[in-house]
Amino acid sequence: MIYDPNPVAFWLLAAMVAGCALAVVRARKLFHAGLALVGTLFAVAGLYGLLQAWFLAAVQVLVYAGAIAIMLLFAIMLTHHMMNPDLKSLTTQPWTAAALCLMLLAVPLSSTWQTAPDTTLSPTWTPKCGFQVAEAVPSVEALGFRLLDPFTLPFEMVSVLILVSLIGALVIARRDPTLPEPPEGREEKAP
Amino acid sequence: MEPIFEQFVRDLTGGFQVPFWAPMLVSLGLVLAFIALNAMFMIWLERKICGRIQRRMGPMLTGPKAWARFSMWTGGWFQTPCDSVKLLLKEDIIPAQVDRFGFMLAPVLVFMAALAVYVPLPISSTSYAQSAPIVVAVADLDIGLLYVVAITTLTILAILTAGWASNNKYSLLGGMRAGVQILSYEIPMLFALMGPMVLAGSLSLGDLVLVQHAGLFGVPLLGWFLVPSFLGAVVYLICAVAETNRPPFDMPEAEQELVAGFSTEYTAMRFAMFYLAEFSNTFVVCMIFTAVFLGGWTLPGFIPPSSLNLGFFSLPYFDLLAGMAIFFAKAYAVVLLLMWIRWTFPRLRPDHLMTFGWKFLLPLSFVNLLVCIVLAAIQQIYFGGNPG
């Protein structure tokens, strides 16, 4: 059984991913770059949806486009001179960056080119999008069982990682006890 | 939606096969029409209830005079259609100093979020001319509940963009407040919804309703998740009010402090988008509450026939219509509750809001999750399988 993603939808989403990613690095205003980043993350979620990975798509929107990108926009909004379009970008080595990106791109491209199409799925069928997907609809239930049975250790290690970063944030945000107390009345209230 | 629509057209035309895009277009049109008409009705209702609570009558002058003489609840029917026409015809002003791209993008984004969230909401089910009962929704997604929560984050993005692009410190402050508020209330909301998820063993809103109809521990009345996950229902309702920026959580547009918050610079059509989206989102949270905690389109021990025989005429899709009537009656009961809350509580202070959300609601939702896990385990061990 083969599931064939709609090629029009695939190319539209792929163009959106690439276009928004380009806008992230080329936008003159930092806030626009942030918005374009959200667009990229959203389109990636769309690609997951196209491959019927619904859970992954929802989590991509919830965590990346939702929480992380919004935190990023918050940080941008708090910086000064945000409306100034003459603000110079920090990119001082565009060609080095381009070379590094091309190297990264080479990794998936080489694996795609070297692998012959998987004929175990279907010997006669030619994929329209350039890739083929077995129609094993991954349900949330199956994902849950996988996470708690064969992949318990990596799953738990990730939670330890999150705990470590939480404690790290606390340590950084904590006021240094050796420093003198700030003057009265200037203390920050809760947000 | 898809199989029912196809069946309906086949019955009506005698075998016409609809193209694959037709159900999508039809559901889009239905949802758009529903959002507009329902928002108009809700605005009228809100003003009437506000009037009743403040011992006045609300809008009374537009519409047939004879109706207005009858009682306060029959007067002023044409107020919101008139207001809508006014909003549509007003001049659309884009102030010179705003960031044009963001300013124009924000209302579109907020409406997109309001529209997209309707996709997995199940309003009824039918077994007419079907081998098995099917859930009526635009698409009953496998991850419905998660999808709804994920899409609401788009609203934060739109409000932040509106606040920043307006280039006005009141708008910016309003946008920031809205962002912080919605983001922090999303966490207890998700944990409050986790209780029903555990009890039902599914994320699909259609499945949640079916499990509730089947009942808990073999008792149908216990099945409504309002009972086993009562704390979750309360936490969800409070978070829902906060997420839709309704009073008492309307700090983002606190008039005395921030003019009108993020929507200060918006006029005419663009303002109408925000307004429409706000009322649409309010109704959506009520629909989610109905589907997740109040048993959706079902009543305990009541299964309507798939077609009603009236002797001379047989009404097809009767279970669909009955389910919809039950669903919307429940949803409107929740809407009335939200309106009652809105007009009787004073606005909170921003720091109180944060403390309340993080230090009170979040632990409460953890307790709820724990209770639900224990109940689900009891069901699993003594009654077999998921509840139902």
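The cover over the buried residues of helix H8 of chain B includes strand S2 (134-136), helix H6 (144-165), helix H7 (169-200) and H11 of chain B. A residue counts as buried if 20 or more other C-beta atoms lie within 10 Å of its own, as exposed if 12 or fewer do, and as partly exposed in between, with C-beta atoms placed from the backbone. Helices (H or I, at least four residues) and strands (E, at least two) are DSSP runs numbered from the N terminus. The model is predicted: local features need pLDDT of at least 70, side-chain atom pairs count only at pLDDT 80 or more, and totals for chains, interfaces and linings use all residues. Residues are numbered from 1 along each chain as its sequence is written, while chains are lettered from A and ligands numbered from 1 in the order in which they are written.

H8(B) spans residues 205-214, and nine of its ten residues are buried, so the helix is largely enclosed by the rest of the structure. The buried residues are B:Leu205, B:Gly206, B:Asp207, B:Leu208, B:Val209, B:Leu210, B:Val211, B:Gln212 and B:His213. After H8(B) comes B:Gly215, with a positive phi near 95°.

Two helix pairs are set side by side below. Axes are lines fitted to C-alpha atoms, for helices over the stretch in contact, and angles run from 0 to 180 degrees between N-to-C directions.

| Helix pair | Axes come within | Crossing angle |
|---|---|---|
| H2(A) (residues 30-50) and H3(A) (residues 54-78) | 8 Å | roughly 175° |
| H11(B) (residues 268-293) and H12(B) (residues 318-344) | 8 Å | roughly 120° |

Angles under 35 degrees count as roughly parallel, over 145 as roughly antiparallel, 65 to 115 as roughly perpendicular and the rest as oblique. The angle in chain A therefore makes H2(A) roughly antiparallel to H3(A). Two residues are in contact if their C-beta atoms, placed from the backbone, lie within 7 Å. Among the residues making the contact are A:Phe31, A:Leu37 and A:Tyr48 of H2(A), and A:Trp54, A:Tyr64 and A:Ile76 of H3(A). By class, this contact has 19 nonpolar, three polar and no charged residues. Ala, Val, Leu, Ile, Met, Phe, Trp, Tyr, Cys and Pro count as nonpolar, Asp, Glu, Lys and Arg as charged, and the others, Gly among them, as polar.

In chain B, the angle makes H11(B) oblique to H12(B). B:Thr282, B:Phe283, B:Cys286, B:Met287, B:Phe289 and B:Thr290 of H11(B) meet B:Phe327, B:Lys330, B:Ala331, B:Val334, B:Val335 and B:Leu338 of H12(B). This contact comprises nine nonpolar, two polar and one charged residues.

Chain A holds six helices and two strands, in the order β-α-α-α-α-β-α-α from the N terminus. Of its 191 residues, 15% are buried. Among contacts in chain A with a separation of 6 or more, 59% join residues 24 or more positions apart.

The contact between the chains takes 21 residues from chain A and 26 residues from chain B. On the side of chain A, H2 and H3 are the elements that give two or more residues, and the largest share, eleven residues, comes from H3(A). That side divides into 17 nonpolar, three polar and one charged residues.

Chain B is assigned domain 1 (26-88) and domain 2 (90-383), with bounds from an automatic or database domain assignment. Their C-alpha centres lie 22 Å apart. Domain 1 gives 14 residues to the contact and domain 2 gives 17 residues.
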